[in-house]
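Please have the sequence and the model open while reading.

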Amino acid sequence: MTGAPVAITGMGCICAAGANLPDCMDALFRGVRSPAPPARFTSRHPIRYPVFELRDFEEPPDLLRTGALGLHAAREAVADAGYDRETLRGLRVGVCVGTTVGTVMSEENFCREFLAGHDPEIAVIRKILRSNPADVIAREFGLSGPRQTVVNACSSGTDALGTAGSWIRAGLCDVAIAGGADELGRIPYVGFISLMITDDSPCKPFDKNRKGLNLGEGAAMLVLESEPSRRRSGNRARSYLLGYGSAGDAYHLTAPRPDGAGLKRALAEALSSSGAPPAAIAFVNAHGTGTPDNDRIESRVLGDLLPGVPFLSTKGYTGHTLGAAGAIEAVFTAACLGLGKIPANAGFATPDPEIVNTPVREVTTVSGTVALSESLAFGGNNSVVVLGKE
């Protein structure tokens, strides 16, 4: 993605840290986090692994959870940008949403009945199809621009932002609503346990005693605008999408490449497309899952390419929200850049001798005009966005 900066005029977020972006930011800077065993589903596993679940969110009867979460965040982002439905309908508006689980794993009963030779009620399938998060948002606001749902594992939300930014720069639309959404469910819960990368205690990104991730759920959306559109609307820019890089090294189905070559290429591409000098980088919001391999390799890449730049993982406050993670972390990154400070890396207590550079351990003032948010995904995909402020 190269060309003029893309303005970010609205942001919205819902996750375990809060039901909206201001509440989330307040929780991050107060160090509040609330992992607990899942309440919405059960499993037969003897250990009740903690998750970052939205206990008070109830989806409407006509939508499944991922679509409803994405819509919740989109409504906040659109309102934050100062738009309403009527104004958006008069513009060329695209929608691009990343997800991993989506809604396809939430109706196990239908699948069981079908495989058993029964004739389950087809209304469940209609509900799944109606809950595609990009379609839900486009339908809500009456939008007819380009529409895409990105499914690229844990980098989906970041890739959706990069894709929507390229639409703006190519002139395909004036405005885009972009981000990510994902729900918690029993299948991904037991699936990640089976991979043996789940922590049975609150996750500890970059800590010596880290054992794995905690899953989470949520959504974040950003309103992206071309500069001509922003000037016509009079909207203020909360931040700018300056660059995007993506590189798939296809090293392994679930493990990151030991030398971090794919992440290095994605970082280099993102910085090159942004035109931002390394000296302008205020901080990096790292993928930081809390798994032994990810944190070790990611920290080494940051130490090699961006030595001395402060970094943290915000997954200690949200859990790993899968396809929503890149979007949630991009929203946090833009908000922190505007505030000029970043929260402590939750869960970090003991430095790891294999990690030569350590994350911030307390609320830290940062200087610089740009920040990076990066995502690593199964299958070897690596994606990075560069965000800036005026």
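Leu 305 lies in helix H11, which spans residues 292-305; helices (H or I, at least four residues) and strands (E, at least two) are DSSP runs, numbered from the N terminus. The model is predicted: local features need pLDDT of at least 70, side-chain atom pairs count only at pLDDT 80 or more, and totals for chains, interfaces and linings use all residues. Residues are numbered from 1 along each chain as its sequence is written, and side-chain values use heavy atoms, with hydrogens and water left out.

**Two single residues**

- Leu 305 is partly exposed, at a relative accessible area of 39%; buried means under 20% relative accessible area, exposed over 50%, and partly exposed in between (1.4 Å probe, protein chains only).
- Leu 305 touches Lys 264 and Leu 267, leaving aside residues up to four places away in sequence; contact means heavy atoms within 4.5 Å.
- Ile 128 belongs to helix H5 (residues 123-130) and counts as buried because its relative accessibility is 16%.
- From Ile 128 to Glu 107, 21 residues apart in sequence, the C-alpha to C-alpha distance is 8.7 Å.

**The sheet**

- Ten strands form an open sheet with mixed pairing, in the order E3-E2-E4-E5-E1-E6-E12-E11-E7-E8; two strands pair if DSSP finds at least two bridges between them.
- Its edge strands are E3 (147-150) and E8 (311-312), each of which pairs on one side only.
- Strand E4 (residues 175-182) pairs with strand E5 (residues 218-225) in the antiparallel sense over eight bridges, and Asp 182 stands opposite Gly 218 in E5.
- Helix H10 (residues 261-274) lies across strands E6 (239-248), E7 (281-285), E11 (370-376) and E12 (381-388), and runs at about 145° to E6. Axes are lines fitted to C-alpha atoms, for helices over the stretch in contact, and angles run from 0 to 180 degrees between N-to-C directions.

**The cores**

- The largest nonpolar core has 49 residues, and Met 11, Cys 13, Leu 224, Phe 283 and Phe 332 have the most contacts inside it. Such a core is a set of buried Ala, Val, Leu, Ile, Met, Phe, Trp, Tyr and Cys residues joined through side-chain atoms within 4.5 Å.
- Helix H13 (residues 325-339) gives the most to this core, with nine residues.
- A second, separate core of 29 residues includes Ala 77, Val 78, Tyr 83 and Ile 177.
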